[in-house]
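Dear colleague,

I am handing over the structure we spoke about, and my notes on it follow below. Please read them with the coordinates open beside you.

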Protein chains: 2
Amino acid sequence: MSVTSRDILDMNAFHGDGDDPLVARRLASMGAASTLFFERPIEMVSAQGAEMTAADGTVFLDLYNNVPSVGHSHPRVVGAVQDQVARLNTNSRYLSAVTEAYSERLLATVPVPDARIAYTCSGSEANDLALRIARLSTGKRGVVVTEAAYHGNTAAVTEVSPVSYRQGGVPDHVRLIPPPGPAYGNDIAGGFASALRAAIAGLEADGHGFAAFLCDSIFSSDGVFAFDWSALVAAAEVTRTAGGFYIADEVQPGFGRTGRGLWAVAAAGAVPDILTMGKPMGNGFPMAAMVARADLLARFAEAFGYFNTFAGNPVAAAAGSAVLDVIEDEGLIANAAAVGARLKDGLTALDSPVIGAVRGCGLYLGVDIVAGDAPDPDGATRLINALRGRRIMVGAAGRFGHTLKIRPPLCLSAEQADRFLGVFAELTVGPA
Amino acid sequence: MSVTSRDILDMNAFHGDGDDPLVARRLASMGAASTLFFERPIEMVSAQGAEMTAADGTVFLDLYNNVPSVGHSHPRVVGAVQDQVARLNTNSRYLSAVTEAYSERLLATVPVPDARIAYTCSGSEANDLALRIARLSTGKRGVVVTEAAYHGNTAAVTEVSPVSYRQGGVPDHVRLIPPPGPAYGNDIAGGFASALRAAIAGLEADGHGFAAFLCDSIFSSDGVFAFDWSALVAAAEVTRTAGGFYIADEVQPGFGRTGRGLWAVAAAGAVPDILTMGKPMGNGFPMAAMVARADLLARFAEAFGYFNTFAGNPVAAAAGSAVLDVIEDEGLIANAAAVGARLKDGLTALDSPVIGAVRGCGLYLGVDIVAGDAPDPDGATRLINALRGRRIMVGAAGRFGHTLKIRPPLCLSAEQADRFLGVFAELTVGPA
C-alpha cells in the first residue's frame, strides 16, 4: 500500500477484502463513503475506559480515540445522557436550566475576551461558522493554515484542509505554512511568524486580502507539533497587526488533552478572537461549539440568520456538563500530563532505527517512523496493523503519513501505557 | 414588530425583555447567537408525545416541533439510546452490527437508484455534501432553489438559502424561482418547469453553468406548497435534460410527515439523484444523512477524503432504528394522513377574514394570515403569541412570514387536533 501526503485523512482506512460478510454489507450500503480501520476491520460491540471489545471477545487497548476522552461509556456521562434524553431533548429556542448553566460554566474556561457561545453539531460546523464570521468582519477572503492542516469536512473548511485533497490542492485564497517545528531551525517562533507574515503578504498581493489565521493549537494532522508554543503568541500578534482574526481550532487539543489546562491555546499564552471545540466535548454525544468575541458575533447576526437545530440541546448540555465534572473530579488533566510524560519518556528512550522524532505533550503524541532519514509511511502502516495484531490501536498523521498518532482516552493508566511501551519496543527494537 | 422576508428564519425568535433572569443569563452567554421562541420565552423541563411542560408546570400542546417526530421522549427511542450509549458510542471506522443493519433498512426505503449512504451530523452537512458532489460531477457551480428556500447553515448552503440573508441576497450563481403554487396560474407543473428552465438558461448565459436543482419536497420555508407534486417530476426531467443533478431535500418532509410514505419525493413519483434527510431521523438524537447514486459518491471519493466523526455511530443507528420501528408499529404515516386531513378540513372550514389559503398535506400545514388581500406577518406573529397564551405552540414561514406553520409530532391525536381547531377558531373567528 502506498501512502502519500494526500491519504493522511484515511491512511488507516481500508475497505477490507470483502471476504468478511460484515465488510461486504458495509460496502453495499455505504460504498465509497465507507472507511474502515485496519487491513482486517474490527466489529466492535462494547467499550469501557481505554478498552474496546470486539464481537469475538478480543479486548483492544485504545490509544487512538480522542472523542471518548474521559473514557468510553463513562458511567457519569452515560447516566447524564440517559436521564436527560428521557425527560427533554429539544432545540435551544426554549430556555433550559441545563443548557444555560452549561453555557456559563464552559464560557468561564475559554480564553477569548468578551466571549459568547454559538453551539453547533460538529467541529466542522464550528470552523465553517468561524470562517464566515472572520470573512464578514474583515471583508476579506484569504486564510492561512499549516501545510497538512485538517479543519473539517464542509465545502468551506475543506478548502482550508490540505490533507483532504486527493486531486489538486487548496484554492489560491488559502496559503500554507509549515507547522512550528524543525523547518524553522533554531528560532521556531520567529520563523513561524515570518512565514505567516509572508503568506499574508502573498494573499494581499494577489488581491484576496487576509481574513484569518486558522490553527489547530497542537497541529494534530501536521504530525503533532508542540515544540514551541510561543509560536502561537507570535502568530497571534502577526495576525492582529495584519487586521485578521486568529481562530484557535481546539477540536483536538481542547478539554485537557495536552495536560496543561483545558485549552492548549491558553496554555501557550495566546489570545484568540475565535475558538472552536468539538470531538471530546460530549464524550461521543454529537456536539461542538464556536466561541467568539461578542462584537464579531453581533456583526454576523446583523447580516445572517443562523440557527442550528440539534445544537445546544439539553441532552448535549447534560453530556457536556458531565464531561467537565469528570475531568475535574478524576484529575484527568493531571493524568494526561503524568501518563503522557511517561509515554513520551518511554518512547524517547527506545533505541530503534525505525523511530525518528517523538513529539507532543500530554496525551497527544506523534512518533515519526523512518527508514534511514526518510519518512516511512508504509512502515507506519505496517506498525499500525502489527499493533492491532497485539490488541493495541493507534493511528497515523503528518504530511507524509509516517507519524504515529497516539491520543488515548485521558483516563489511560500508567499500566496501560507501559503495556503499549512494552509491545511497541518488541515491534521496533526487538524482543526484550 | 416588523417582519420582512428576511426575518423568516427567526420570525418567532425574540430576545426577551431581559427582566426574566434566565433570559438575561442566556443573553450573557449566547449573545447574538441566541434566538428564543415567543415574546415571553418558555423554560421547558420535560416533554412527552405532543406535549411539552414548562418549569412553572404549564403544559403546552406542541404543533411546532418536527424533530421529535414520533413524539417527545418516546420510550422506545429513549430506551434504544439509553441501552446503546451505555455499551458503545464510537465512530464508523469500526464495523458495528447496529449501524450496518440500520443502513440496509434505511437504504431499502429511499427512492434513489443504486444508492449509498453517507452519514452526517446535521441536515446542513448533508446538503453541503450534496452540493459538493453535484458541483464536482458537473464541473459547474450554478444552483436553482425556490425563492424562500432554506437548506441549512454552513457557508455553502447559506448561499442557497435566501431566507438566511438579512443584508444583501444570494450570490449570482444561485437563481431563485417561485415554489409550485398560484404564481404559476392553472398549469403549476408546467409553469414550475418553465421557470426552472429559464433559471438554468440564465446560469449558463452568465457563465456559471448548472450543477443542481435543490428542492425541499414540501417547500417548507416557502410557506408549505404541496399543490401539485407533478411539478417535482417535471423539474426532475428539466434538471436531467440540462445535465444537472436533482437533490431532494427531505430534511423536513421525510420520515412520513406528509402521510404519503416515508419520502415526499417518492410520493410525488419523482426520482432524485441525491436525497438528504435529517431532523426527525433520530427523534432528536443529532443525526442526518445524504443518499446518493453510487457513481457520484465514488467520483467524489476519488477527489476528496471525507470523514465525519460523530456520524453513523451506533447510538445514532440505534435511535434511527427505533424511529423506523415506531413509525411502522404505531401506524404514524396513516395517523399523519388522517389527523392532518382533519386539521386541514377544520382550518379550511373556518370563516375568518384573517385566514387566507390553507395548504399542505399530512401533518405539515401552512395557513396564510392576511389583512384584506395582503400578507399580514404582524397578524401571524400576534396569533402565534396569542396561541402561546392558550398553551398551543405553532410557528411561521413563507416569503412574507405570514404563513402559520403547523407541523406537530406525528403522534398528534384527533382530540389534540380538535383542541387546536377550537382555540384557533376562537382567536380568528370569535367565541363559538
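**A buried lysine in chain B**

K405(B) is found in strand β18 of chain B, which covers residues 403–406. Please bear in mind throughout that this is a predicted model. K405(B) is buried and yet takes part in no salt bridge, since the nearest side chain of opposite charge, that of D216(B), is 9.2 Å away, whereas a salt bridge would require the nitrogen and the carboxyl oxygen to lie within 4 Å. Once its neighbours within four places in sequence are set aside, K405(B) is in contact with L63(B) and Y64(B), with Y364(B) and L365(B), and with V394(B), G395(B), A396(B) and A397(B).

**How the two chains are related**

Chain A is superposed on chain B by a rotation of 180 degrees with 0.0 Å of shift along the axis, and the RMSD is 0.0 Å. This is the relation of a two-fold axis. The same surface serves both copies, in that 100% of the contact residues of chain A recur in chain B. Of the residues of chain A, the one that comes closest to the rotation axis is Q82(A), whose C-alpha is at 2.5 Å.

**Salt bridges**

Over all chains the count comes to 38 salt bridges, and I describe a few of them here.

In chain A, the side chains of R76(A) and D325(A) meet in a salt bridge with an N to O distance of 3.8 Å. This pair links distant parts of the chain, because R76(A) belongs to helix α2 (residues 75–87) and D325(A) to helix α10 (residues 314–329), and the two are 249 residues apart. Both partners count as partly exposed, R76(A) at 37% relative accessibility and D325(A) with a relative accessible area of 24%. The pair also belongs to a network of salt bridges in which R76(A), R105(A), D325(A), E328(A) and D329(A) are linked.

In chain B, R240(B) forms a salt bridge with D273(B), and their closest N and O atoms are 3.5 Å apart. Because R240(B) lies in helix α7 (residues 230–241) and D273(B) in the loop between α8 (264–267) and β11 (274–277), the pair ties together parts of chain B that are 33 residues apart in sequence.

R299(B) is partly exposed at 30% relative accessibility, and E302(B) is partly exposed at 47%.

**Two phenylalanines with positive phi**

Which backbone angle of F38(A) deserves a look, given that this residue is other than glycine? Phi of F38(A) has a positive value, near 75 degrees. F38(A) is placed in the loop between β2 (36–37) and β3 (44–48) of chain A, and is buried, with a relative accessible area of 3%.

F255(A), which is not a glycine either, has a positive phi of about 60 degrees. Its place is in the loop between β10 (245–249) and α8 (264–267) of chain A, and at 1% relative accessibility F255(A) counts as buried.

Definitions and conventions
Residues numbered from 1 in each chain as written. Chains lettered and ligands numbered in written order. Predicted model: local features only at pLDDT ≥ 70, side-chain atom pairs only at ≥ 80, totals over all residues. Heavy atoms only, no water. Helix = DSSP H or I, 4+ residues; strand = E, 2+ residues; numbered from the N terminus. Buried < 20%, exposed > 50% of the residue type's maximum accessible area, 1.4 Å probe, protein only. Lys, Arg positive; Asp, Glu negative; His and termini not counted. Contact = heavy atoms within 4.5 Å. Least-squares fit on C-alpha atoms with pLDDT ≥ 70 in both.
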